[in-house]
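Here is a short briefing on the pockets of one protein. Look over the sequence and the model before reading the points.

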Amino acid sequence: MTGILLKGLGKRPLLRAVNHVVLAVASAAAVFPFLWMVLSSFKTKAEVMEPGLALPAVWQWGNYREILLESPIPRYLFNSLFVASLTMALQVVCCALFSYAVVFMRFKGRRLLFSLVLFTYMVPTAATYIPCYVLLARLGLLDSYRGLILSNGVSVFGIFLLRQAFGQIPAAAVEAARMDGAGHFTVLWHIALPMARPFVVTFMLLAFIGTYNSYMWPSLITDTPEKSLISQGLRRFLYEGGAYGTQWPLVMAAGTVGVLPLLALFAVAQRRIMAGITDMGTKG
């Protein structure tokens, strides 16, 4: 028995080493495209076309100056930050209200209503493009910030996530608040949302990132270049000079600038993201 235990203990360092090697290789594969993009943004066009991950012969800082001062990229970046922030706020409000209703309010058919909402999650997103486009056209919301924000104002995933979070709140806490005279909105904003904070923060981040990175739907409902999001703007910028006239160092610099807000957001909220994911795994 002792020999088996010693043999097992002897394998653990080897398994850890193998795990570290696998994780290192996977991390390098994930980071390589971003690292290549950043290095290419400081090169000349001829250097970008050379294979490998060599450092620039001369660091071309002027690429970023041109992107930030002489291109529409800052406008596209502002559009994405503006639309993503308002969309995130609207989704949190709408999803929180619906989730609170199906968890804490007793009315006939609430379980059926929640099931129908979850069923829509199985519908392919592309299948909703035409009816949503027609609806926005009739409301006069095409090619506008309002159309971009309102058309993404509800998230089925957010409803499911917050419903699961609210379902873990002790009923006694809500009942005590109701007995003290608190209304539904007071219970929602001062009890339910604070107690479900890890879930709410995780959902806010996912909602922001999802809207910031969206491409297909904004491309369908907006035509004016000045209203393009960063994903659309990068494509416009890529093909401005034609396939053979593309200034690759400037494209790489624009891509780096577009990614930086998400990297900063993740760096600031990393602990909350991990806490939310952990809570979803242990409590969900």
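Within the lining of the second largest pocket, α9 is the top contributor, giving four residues. Keep in mind that this model is predicted. The points below take the second largest pocket, then the largest.

**Second largest pocket**

- This pocket holds about 190 Å³ of space.
- Its lining is made up of Tyr100, Val103, Phe104, Arg106, Phe166, Gly167, Ile169, Ala171, Val174, Glu175, Arg178 and His184.
- Two or more of the lining residues come from each of α4, α8 and α9 (171-179).
- Sorted by class, the lining of the second largest pocket has seven nonpolar residues, two polar ones and three charged ones.

**Largest pocket**

- The space in the largest pocket is about 950 Å³.
- Its lining has 30 residues.
- Nearest the centre of the largest pocket lie Thr125, Ser151, Asn152, Val154 and Ser155.
- The elements giving two or more residues to this lining are α4 (73-104), α5 (110-120), α6 (129-139), α8 (156-167), α11 (197-213) and α12 (216-221).
- α11 provides the largest share of the lining, with five residues.

- Which classes of residue make up the lining of the largest pocket?
- There are 19 nonpolar and eleven polar residues in the lining of the largest pocket.
- No charged residue is part of the lining of the largest pocket.

Conventions
Residues are numbered from 1 along each chain as its sequence is written. This is a predicted model: local features need pLDDT of at least 70, side-chain atom pairs count only at pLDDT 80 or more; totals for chains, interfaces and linings use all residues. Side-chain values use heavy atoms; hydrogens and water are left out. On a 1 Å grid over the protein atoms alone, a cavity is a set of points where a 1.4 Å probe fits but cannot get out, and a pocket is an open set with protein on both sides within 12 Å along at least five of seven lines; lining residues have an atom within 4 Å of a point. Grid points are joined across faces, edges and corners, and a volume is the space filled by probe spheres set on the points. Ala, Val, Leu, Ile, Met, Phe, Trp, Tyr, Cys and Pro count as nonpolar, Asp, Glu, Lys and Arg as charged, and the others, Gly among them, as polar.
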